[in-house]
Amino acid sequence: MNVPNFLTALRLAAVPVFVLLLLEGMPGAALAVFVGAMITDWLDGIAARVLKQFTAIGAILDPIADKLLGVSALVLLCLTGRLPLWMLWLVVFRESCIFSAIAILIRTGRTFAIRPTRYGKYSTAFLSVTIIFALVQGARGVPAGPMLMSLTMISALCIFVSWAQYLAIFIDLMRKPPQTA
């Protein structure tokens, strides 16, 4: 196992630990695990580039680890009222559309590269900051306020714009003829 894949495996292992800590009422510890997992995400990207250790399994597991951690945090924060429930539905809608588009492209024989768009990266970054801010406020016992709602709205805008970008890419790919084998 190479370094980037090891770091991704650590992030995957952090998901149930994060969930358990948050459910057990230890938001400070959950915050530490979440931030640690975010650091491993950053480090595995650097390690993959510097060490030139790109693998097919890493290309699959890295976004899965990101999605599991982010969606787990979002579900728990929405269910506890720290974040609005519509934010969870927006993320689920976008991810469902992306997975559906991938399935349609595969079924229709179209080739494509799975790469995040610029706003896809922005939405991930803002959603992570929003989650961290909500966790910090929860750990300090501070009720959600205007700053958290502002971050939530910026995240939502980035998620919506990234959905539109992915939709445009999907439409463009569907206009091209399928690949012949």
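Colleague: What are the ground rules for the values?

Modeller: In this predicted model local features need pLDDT of at least 70, side-chain atom pairs count only at pLDDT 80 or more, and totals for chains, interfaces and linings use all residues. Side-chain values use heavy atoms, with hydrogens and water left out, and residues are numbered from 1 along each chain as its sequence is written.

Colleague: Is Arg11 buried or exposed?

Modeller: Arg11 lies in helix α1 (residues 3–23); helices are DSSP runs of H or I with at least four residues, numbered from the N terminus. Buried means under 20% relative accessible area, exposed over 50%, and partly exposed in between, with a 1.4 Å probe and protein chains only. Because its relative accessible area is 1%, Arg11 is buried.

Colleague: Which side chains make a polar contact with the side chain of Arg11?

Modeller: A polar contact is a pair of N or O atoms within 3.5 Å; within protein, one must be able to donate a hydrogen and the other to accept it, and residues adjacent in sequence count only if both atoms are side-chain atoms. Another, of 2.9 Å, joins Arg11 to the side chain of Asp44.

Colleague: Is Phe6 buried or partly exposed?

Modeller: Phe6 also lies in helix α1. Its relative accessibility is 46%, so Phe6 counts as partly exposed.

Colleague: Are α3 and α4 roughly parallel or roughly antiparallel?

Modeller: The axes of α3 and helix α4 (residues 85–107) come within 8 Å and cross at roughly 150°. Axes are lines fitted to C-alpha atoms, for helices over the stretch in contact, and angles run from 0 to 180 degrees between N-to-C directions. Angles under 35 degrees count as roughly parallel, over 145 as roughly antiparallel, 65 to 115 as roughly perpendicular and the rest as oblique. The two helices are therefore roughly antiparallel.

Colleague: How is α3 placed relative to α5?

Modeller: The axes of helix α3 (residues 56–79) and helix α5 (residues 118–140) come within 11 Å and cross at roughly 45°. That angle is why α3 is oblique to α5.

Colleague: Which residues of α3 and α5 make the contact?

Modeller: Contact means heavy atoms within 4.5 Å. From α5 come Leu127, Ile131, Ala134 and Leu135, and from α3 come Gly70, Ala73, Leu74 and Leu77.
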